[in-house]
Amino acid sequence: MCSSPLCLHRGETMSIVTLLKRALPGSKSSVAGHIERGERIAQAIQLRFGISEPRQWQAKHLRWAMERWASEKSEATRYDYWRTVRVL
């Protein structure tokens, strides 16, 4: 069994907030921006594929989010989403 605070025990779910907080160093506002974008991406993937657990996501889900879901957003916004997806 893992004794690290980063490990999850069997049966525990990992929210996008938990995942991003663990993965990101930096200022609170920077982390908060990634969390907001991550939650929007998670909601889009949940609606499209029915997958609510970030650990179940595959590259194809994140690729869809970037190529299809974020395609109507501005270039700067797409870049921000791309940076968040890179963290995931």
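## Basis of the model

Residues are numbered from 1 along each chain as its sequence is written, side-chain values use heavy atoms, and hydrogens and water are left out. The model is predicted, so local features need pLDDT of at least 70 and side-chain atom pairs count only at pLDDT 80 or more, while totals for chains, interfaces and linings use all residues.

## Overall fold

The chain holds four helices and zero strands. Its pattern along the sequence is α-α-α-α. Helices (H or I, at least four residues) and strands (E, at least two) are DSSP runs, numbered from the N terminus.

The chain has 88 residues, and 31% of them are buried. Buried means under 20% relative accessible area, exposed over 50%, and partly exposed in between (1.4 Å probe, protein chains only). Take the contacts between residues at least 6 apart in sequence: 45% join residues at least 24 apart. A contact means heavy atoms within 4.5 Å.

## Where H2 meets H3

Helix H2 spans residues 28-49, and it packs on H3 at an angle of about 110°, with the axes 10 Å apart. H2 is therefore roughly perpendicular to H3. Axes are lines fitted to C-alpha atoms, for helices over the stretch in contact, and angles run from 0 to 180 degrees between N-to-C directions. Angles under 35 degrees count as roughly parallel, over 145 as roughly antiparallel, 65 to 115 as roughly perpendicular and the rest as oblique.

H2 contributes Ile-41, Ala-44, Ile-45, Arg-48 and Phe-49 to the contact, and H3 contributes His-61, Leu-62, Trp-64 and Ala-65. By class, that gives seven nonpolar, one polar and one charged residues. Ala, Val, Leu, Ile, Met, Phe, Trp, Tyr, Cys and Pro count as nonpolar; Asp, Glu, Lys and Arg as charged; the others, Gly among them, as polar.

## Two buried residues in the contact

Ile-45 sits in helix H2. It is buried, at 0% relative accessibility. Leaving aside residues up to four places away in sequence, Ile-45 touches Gly-50, Ile-51, Trp-57, His-61, Leu-62 and Trp-64. Ile-45 and Ala-65 lie 20 residues apart in sequence, and their C-alpha atoms are 7.0 Å apart.

His-61 belongs to helix H3 (residues 59-67). It counts as buried because its relative accessibility is 3%. With residues up to four places away in sequence not counted, His-61 touches Ile-45, Phe-49, Ile-51 and Gln-56.

## Aromatic pairs

The whole structure contains three aromatic pairs. One of them joins Trp-69 and Tyr-81 edge-to-face, at 5.1 Å centre to centre and 80° between the planes. Trp-69 lies in the loop between H3 and helix H4 (75-87) and Tyr-81 in helix H4, so the pair ties together parts twelve residues apart in sequence. Trp-69 is partly exposed, at 24% relative accessible area. Tyr-81 is buried, at 3%.

Tyr-79 and Trp-82 form a stacked pair, at 5.7 Å centre to centre and 25° between the planes. They are three residues apart in helix H4, so about one helical turn separates them. Tyr-79 is partly exposed, with 48% relative accessible area. Trp-82 is partly exposed too, with 39%. Rings of Phe, Tyr and Trp (its six-membered ring) pair if their centres lie within 6.5 Å; planes under 30 degrees apart count as stacked, over 60 as edge-to-face and the rest as tilted.
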